[in-house]
Amino acid sequence: MTLDKTENGDDLDSQARAISEFPGRKARTLRFTGGAPRAAQVIGDGSRALFLRSDGAEDLVTSLWMSVIDSDQVGKGDVENTLNVQKREAKGPHREVLLADPRELLADADNEDVPAEEKARRERAREGGQGIVSYSVDSAGHRVVFTINGQLFVSEIDEDGGGARTRQIAIGSQKSERIDEHVAARKNSLNNAEFDIKNDGGDEGDEDSHESRDMNDSSSGSKWLPVLNPRISPDGRHIVYTTGTRLVMVDIADWGDSGFDDAALNQDANESDFAAGNDADGGTAATRRSHKHARPHTCAAEAQGAWEAGDVNGTNASGDRFSTVWSVGNDPSGTLKIGLAEFVAGEEMDRYDGFWWAPDSRGLLFEMYDSSPEPMWYISDPANPSKPATGRRYARALTKNAIVRLMLAHLEFDEPKRGNADATGLGGGQYAAGVSDVDNGNEGNDVNDESFEVEDIGGDRDDTANSVTHYVGCDVQNVSWDREGYEYVAAVSWKAGREPLVLVQNRRQTRDQVLEVQPDGRTCVVEEHANDQWIDLVLGTPAFTPDGRLVCALNDMDTDTNRLTVDGKPFTPIDWQVRTVLDVSDENVLAVVQRTPHEVASGVDEDAFASSDDVKAAKLEAAINVIEVATAVAPESVPVSNNMDSDVSRSAMEIVSERGSLPAVPAAWRGDEGLHDARSYDVVTIDFDGNVTPVTANPGVWTASRAGNGIVISGHDMAYSGAVMVHALANKSDNERTDNVLTNDSGYVTEVAITSYAETPGFTPNTEFVWLGERRMFTAITRPSASSKFAGAAKLPVLLKPYGGPGFQQVTFSQAGYAESQWWADQGFIVVTADGRGTTGRGPKWDREIFENMKDVTLADQIEALRALPQIAPDADLDHVAMIGWSYGGFLSALAVLDAPDAIHAACAGAPPTEWTLYDTHYTERYLGLDPAVYERNSIVADAPKLRRPLMLIHGFADDNVTIANSLRLSQALMEAGCPHTYLPLTGITHMTNDPKVAENLLIFQRDFLYDALSDQV
């Protein structure tokens, strides 16, 4: 692709300047994501959607926003109801409302200091933002909870959608100098926020100042801290969060319902007073509102006896009550955790939660784990020798995992009984207090039967006039299953009117079971699956439809398709690879899919196609400025060129597969058939008869959230360098809608853009997409821009820039993915990224060709792509070839100069997993199994004596994912073998390269290293 006005000298100068400034701007803008809307969730009837966004490109502090489409105004205009795709401007009956701004809630929002457990969660989720980085909303879309700097807040959205009021829920011994309420009633304006600052007993006449808003952090030592992963109940009345060792219930007080006198607010919440049962003003617990005693925790493994409770709550100055639901008890070793996802769940399963609310808010399913079987590893900071190393447990491949168990809590609240309505929160099951735990003899951790704890920091109040309900106790059951045979808890789903579903996997991930959890903790297997290599996890499965049918994922090896089943029967079409399930209804599933790549079959009449030695441009009018599509097959074959403006060549994109005709292309995609393939993550609905309806129109990398009549689509495409987010609403308007991000067939008529404040790189990548090699690997080739001094060069060195490993792919229709490649190209390279076997999107057989042989297969594919390159790029100089990459791409880069030095002449390897026994269990054992000999064969440390090409190793000391031991071991082996190499250690840097200056200079250091390395090559 090229710029629209490259003939203009000013445009070329601007382009050259933008490319020159790219490393610094990329680092400062968090890869150009700062200021872009993200994390959208549609709420209520669909006319509203929450999302996060910072105020500018270099601003990392994200605020909570809401998109509102005024449904009563929909259909009153034509152009106003559509989206201008090029400018990404919102028009028509649409508002964006700021609900909560961290800088208005906390004075130190820019100086983030979050608990270590939250830092670890963000690392697992690759979260680089600050401020409000996640949120939880009730089922009505009325209340939202979130944390800022470890402090808990709740926002209550106005009924008219014009704003929200936000207040802090002060916890434990946090001092009272705070904003107790923040009313952000932003009626279509960002400048009219009201602040209702309570006088918390400070000096008389003390004005509200930034200093007076600060609150204590978790260093206070309160048992209620830190606040981790807060989740609001579906009914909006309660919050549950974990401290890591304690699962805490918060009963949310109504606004203005405090009733506490000012004397109480002056206190520092001295815990010794509360332990004695004394109020801060000298009163006693007996003078407070009386609540019925909590029911005892019951679990079959524990003796059932008489139990009496004192006060069950701690109450803050706003009237919010705190109670312990369950805790790990006395744990000097610190290995017992509650309500958190264990490391491999977050890093490899994309499961970040450790507890789940019942849909009716009357039950909780929560995880407890013991990491003591895992090896102890230490992360050190050698640049600060006075700082002790940090120890943590790590599930290293071929060693033991954490012991994971689930508990089911039936919650009770002090509210009137609801007649004969089910009060268990378990979807119609029978409440069975104290039923014996059936655990098949499996060993687990003892759980502590701890009484509810007392920490009252308020006075009398009258609750009779408000809607607040108080948690008074629970009955807790062990969830039983064959934990020895199925040790991984991969996914949990709990739908309204249904029992909870749990997906468990065996250690090798070759078998799984879908379990339905009964009210007494027993489970029944409702479906199970097997695969000789491994079973893929598909996010969003398993799940019940509202009417009770079970939707599961299936690696269908017979049809080479990742499919969905309903009650055990496959219903999604062959050759439509299901990547993610976003929503399940009685009518259909909303999913992200990738169509099987189109291949040139044998026996095709090539005379019917336009063919030449030159690769012709293929123009996608709506979404892609210029994409060159070509096929380089065997070296002796002539590349097939497909001109998208030709009817004949459109048909060439629809060649039959080995199993017959490819699935019919939906009408909405006609004309773009060759582009909706593995490179495009398309959002579609699929009904249970297998009919596919596209939701997204343009090829790209998309995801979605839907509720009611609304949907939010977010992602990237090739027409625009930044993130795209649109909010759409289905309605009965007869107006024709211009087709933009959503298809006309999607059923959504009103489509509006959510504003992005993100910067763009300032140039359009000069990238073409091709198939390379006999395996027709999807490949992206980026050449120097028109403004580069290397433009039009007869020969250029080649830079291979792969990830290349399993479970991921790089060659997608996302312009943002090629900006860095363009910077490298303008440094004088032809940049090539090829997705070989094992990368996603092309079916389960393609994925599994790397099984137990990742090292040889993934390198062979990169070499195959390189050797096929001259068919497409005759200007490629194969005598000067380098490879760079991070993580698995770093492994491939180091491997390439060790095992293929005749093809790859220099490499920069970032954070490479050089020895697979140093990586985690769930990822590594999925692909390499449990045979130590396989690990030895796939390691590259033993290959160190082969090095005869320049190699730079790069690794962060703080990397807790691919530990620096990987690079150190390879470096040591290279030193022992007498092989010179370059090592670049990064102090304080994690796997995300989270320091802007380091991220900027890394690109420049690697470029200069490769310049020197390749200048000596022949």
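Reader: How many bridges join β29 to strand β30, and how do the two run?

Author: The model is a predicted one. In it, β30 covers residues 550-556, and two bridges join this strand to β29. Alanine 543 stands opposite valine 551 in β30. The answer is two bridges, with the strands running antiparallel.

Reader: Which strands stand at the edges of the open sheet?

Author: The sheet is open and has four strands, in the order β29-β30-β31-β32, with antiparallel pairing. A strand with a single partner has one side left without a neighbour in the sheet, so the edges are β29 (543-544) and β32 (569-570).

Reader: At what angle do α12 and helix α13 pack, and is that parallel or perpendicular?

Author: The axes of α12 and α13 (residues 888-899) lie 10 Å apart, at an angle of about 80°. Angles of 65 to 115 degrees count as roughly perpendicular. Therefore α12 is roughly perpendicular to α13.

Reader: How do the residues of the contact of α12 with α13 divide into nonpolar, polar and charged?

Author: On the α12 side, the contact includes Met854, Lys855 and Leu859. On the α13 side, Tyr888, Phe891 and Asp899 are among the residues involved. The division is seven nonpolar, two polar and two charged.

How values were computed. Residues are numbered from 1 along each chain as its sequence is written. This is a predicted model: local features need pLDDT of at least 70, side-chain atom pairs count only at pLDDT 80 or more; totals for chains, interfaces and linings use all residues. Side-chain values use heavy atoms; hydrogens and water are left out. Two strands pair if DSSP finds at least two bridges between them. Axes are lines fitted to C-alpha atoms, for helices over the stretch in contact, and angles run from 0 to 180 degrees between N-to-C directions. Angles under 35 degrees count as roughly parallel, over 145 as roughly antiparallel, 65 to 115 as roughly perpendicular and the rest as oblique. Contact means heavy atoms within 4.5 Å. Ala, Val, Leu, Ile, Met, Phe, Trp, Tyr, Cys and Pro count as nonpolar, Asp, Glu, Lys and Arg as charged, and the others, Gly among them, as polar.
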